[in-house]
Amino acid sequence: MAKKAAGTPATVLLSAQKVAHELHPYDVSPDAPNYGALVAEALGVPPESLFKTLIAEVDGALTVAVVPVTGELDLKALAGAAGGKRAVLADRAAAERSSGYVRGGISPLGQRKRLPTVVDDSAEHLERMYVSAGRRGLQVSLAPADLIRLTGAATARIRT
C-alpha cells in the first residue's frame, strides 16, 4: 500500500499515477565509502535490489542509467543500449540541472526534463526494487515494471 507522498517530484508522480510504493528513510552520509552497501544495510534489503541513478551523455545527449549498487555502470553497454557509440558520465552540474535533483538524491522518476532511460535488466527479476525517492536519505520501493513504464525505459545489461 502506498504511503503518503513526501513531496518530492518522484513521490508526487507515484501518488498521482496510483502506483503502489513505499518510502524508506535512512541515515547514511553521502560521502561514506561503499555508500550503496551501507544504504542497503540500513534498510535491511538485499544490495542487489537497491539501484543508483546516474546521468550520462550518450553521443552528447543526456541519458539516465539505473544500475544496481552492487556494480558499476558499463558506459559502452549503455551507449549501445541507447543507440549511440560513446558514453561518458555527465558532469554534476548538468545532471542536477537536467533532473532537478541534487547528487545523492537523483531519482529516475519525476525529473525536470524527461530523458531517455535505461534500466539494468537485473531489475526485471526482482519483485521490488529500491531507487532514490528524490532526496538524500529517502528511497522508494516499487515494482520494476512500474518504474520502467513511468520512465519509458529500455532494459539492457548495463552493469559491470
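User: How many residues in the lining of the largest pocket are nonpolar, polar or charged?
Analyst: The lining divides into 15 nonpolar, nine polar and five charged residues. Bear in mind that this is a predicted model.

User: What makes a residue part of the lining, and which ones lie nearest the centre of the largest pocket?
Analyst: A lining residue has an atom within 4 Å of a pocket point. On that test, 29 residues line the largest pocket. Nearest its centre are Tyr35, Lys52, Thr53, Leu54 and Gly104. The space inside comes to about 700 Å³.

User: Which elements give two or more residues to that lining?
Analyst: They are helix 2 (35-43), strand 2 (51-58) and helix 4 (92-99). Strand 2 gives the most, with five residues.

User: Which residues of helix 4 are buried?
Analyst: Ala94, Ala95, Ser98 and Ser99 are. Each of these therefore has under 20% relative accessible area, the cut-off for buried.

User: Why can the buried residues of helix 4 be said to line one face or several?
Analyst: Look down the axis of helix 4. Its buried residues fall within an arc of 110°, so they line one face of the helix. Those buried residues pack against strand 2 and strand 3 (61-68).

User: What is found at the start of helix 4, and what just after it?
Analyst: At the start, a side-chain oxygen of Asp91 comes within 3.1 Å of the backbone nitrogen of Ala93. The limit for a polar contact is 3.5 Å, so this pair of atoms falls inside it. Just after the helix, Gly100 has a positive phi of about 85°.

User: What is Thr117 in contact with, leaving aside its neighbours within four places in sequence?
Analyst: Thr117 touches Val64, Val66, Thr151, Ala153 and Ala154. Contact here means heavy atoms within 4.5 Å.

User: Where does the backbone oxygen of Leu115 lie relative to the side chain of Thr117?
Analyst: The oxygen is 3.0 Å from a polar atom of that side chain.

User: How far apart are Thr117 and Leu62 in sequence and in space?
Analyst: They are 55 residues apart in sequence. In space, the C-alpha to C-alpha distance is 9.3 Å.

Definitions and conventions. Residues numbered from 1 in each chain as written. Predicted model: local features only at pLDDT ≥ 70, side-chain atom pairs only at ≥ 80, totals over all residues. Heavy atoms only, no water. 1 Å grid on protein atoms, 1.4 Å probe; cavity = no way out; pocket = protein on both sides within 12 Å on 5 of 7 lines; lining within 4 Å. Points joined across faces, edges and corners; volume = space filled by probe spheres on them. Helix = DSSP H or I, 4+ residues; strand = E, 2+ residues; numbered from the N terminus. Nonpolar A, V, L, I, M, F, W, Y, C, P; charged D, E, K, R; others polar. Polar contact = N/O pair within 3.5 Å; in protein donor to acceptor, adjacent residues only side chain to side chain. Buried < 20%, exposed > 50% of the residue type's maximum accessible area, 1.4 Å probe, protein only. Arc of directions from axis to C-beta.
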